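Q: Please take a close look at a single part of this structure. Describe that part and its surroundings for someone new to the model.

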Amino acid sequence: MIATIKVRTENLSGAALCWAIESIEGAGQLQTEQLQLPFARQIDNSAAERLVAKYDVWLERGWSNNWLANARADRDPCERQPGETRAIAVCRAVVAVRIGNTVSIPAELIN
């Protein structure tokens with residue numbers, strides 16, 4: 001059994017964010033040794049564009065955050081996810097709508 005830590009979606013980054021996206025796009029919850037898929041290597045613009053199209057993600061430049069994204073159908077402004085980059089904001093928005101505002105992540109993926 002892998003030890004997990006609960007992390008707020010808005011704080012996900014790096015390998016933890018990749019793991020969350022893989023658990024959504026892949027076949028259920030992945031083990032850390034399974035992180036060999038394209039999303040896990042890096043969150044790049046082409047991966048983000050696929051997620052934008054698939055989940056109808058709304059994006060805009062932010063003031064205090066570089067990017068804000070929302071994948072919820074109602075586009076509730078209180079549910080926008082921040083990101084240092086466009087791709088991170090998109091991934092966080094998808095995680096928030098598919099998993100929730102708190103995610104259980106394998107402890108070894110947390111920096």
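A: Leaving aside residues up to four places away in sequence, Thr 9 touches Gln 81, Arg 92, Val 95, Ala 96, Gly 100, Asn 101, Thr 102 and Val 103. Contact here means heavy atoms within 4.5 Å. This is a predicted model, where local features need pLDDT of at least 70 and side-chain atom pairs count only at pLDDT 80 or more, while totals for chains, interfaces and linings use all residues. Residues are numbered from 1 along each chain as its sequence is written, and side-chain values use heavy atoms, with hydrogens and water left out.

Thr 9 sits in the loop between strand S1 (4-8) and H1. Helices (H or I, at least four residues) and strands (E, at least two) are DSSP runs, numbered from the N terminus. The relative accessible area of Thr 9 is 1%, so Thr 9 is buried. Buried means under 20% relative accessible area, exposed over 50%, and partly exposed in between (1.4 Å probe, protein chains only). A polar atom of the Thr 9 side chain lies 2.6 Å from the backbone oxygen of Gly 100. Gly 100 follows H4 and has a positive phi, near 135°.

Val 95 is another partner of Thr 9. Besides Thr 9, Val 95 touches Leu 12, Leu 17, Ala 20, Ile 21, Ile 24, Gly 100 and Val 103, again not counting residues up to four places away in sequence. Val 95 is also among the residues that touch the most other members of the largest nonpolar core, together with Leu 12, Val 57 and Ile 105. That core has 28 residues. A nonpolar core is a set of buried Ala, Val, Leu, Ile, Met, Phe, Trp, Tyr and Cys residues joined through side-chain atoms within 4.5 Å. H1, H3, S3, H4 and S5 each supply at least two residues of this core. H4 gives the most, with eight residues. In soluble globular proteins, nonpolar side chains tend to be buried together.

Now to helix H4 itself. Ten of its 13 residues are buried, so H4 is mostly covered. The buried residues include Arg 92, Val 95 and Ala 96. Their cover includes helix H1 (14-25), helix H3 (45-55), S2, S3, S4 and strand S5 (102-106). At 1.5 Å a residue, H4 should span 18 Å, and its end C-alpha atoms are 18 Å apart, which agrees. The expected span is 1.5 Å times one less than the number of residues.

Next comes the sheet. It is open, with three strands in the order S2-S3-S4 and antiparallel pairing. Strand S2 (58-61) and strand S4 (81-83) stand at the edges, each with a single partner strand, so one side of each has no neighbour in the sheet. Two strands pair if DSSP finds at least two bridges between them. S2 and strand S3 (residues 67-70) are joined by four bridges. Glu 60 stands opposite Leu 68 in S3. Helix H4 (residues 86-98) packs on this sheet, touching S2, S3 and S4, and its direction makes about 155° with that of S4. Axes are lines fitted to C-alpha atoms, for helices over the stretch in contact, and angles run from 0 to 180 degrees between N-to-C directions.

Last, the segment after S5. Ile 110 lies there. At 32% relative accessibility, Ile 110 is partly exposed. Ile 110 contacts Ile 5, Val 7, Ala 16 and Ile 105, leaving aside neighbours within four places in sequence.

Note on methods
Polar contact = N/O pair within 3.5 Å; in protein donor to acceptor, adjacent residues only side chain to side chain.
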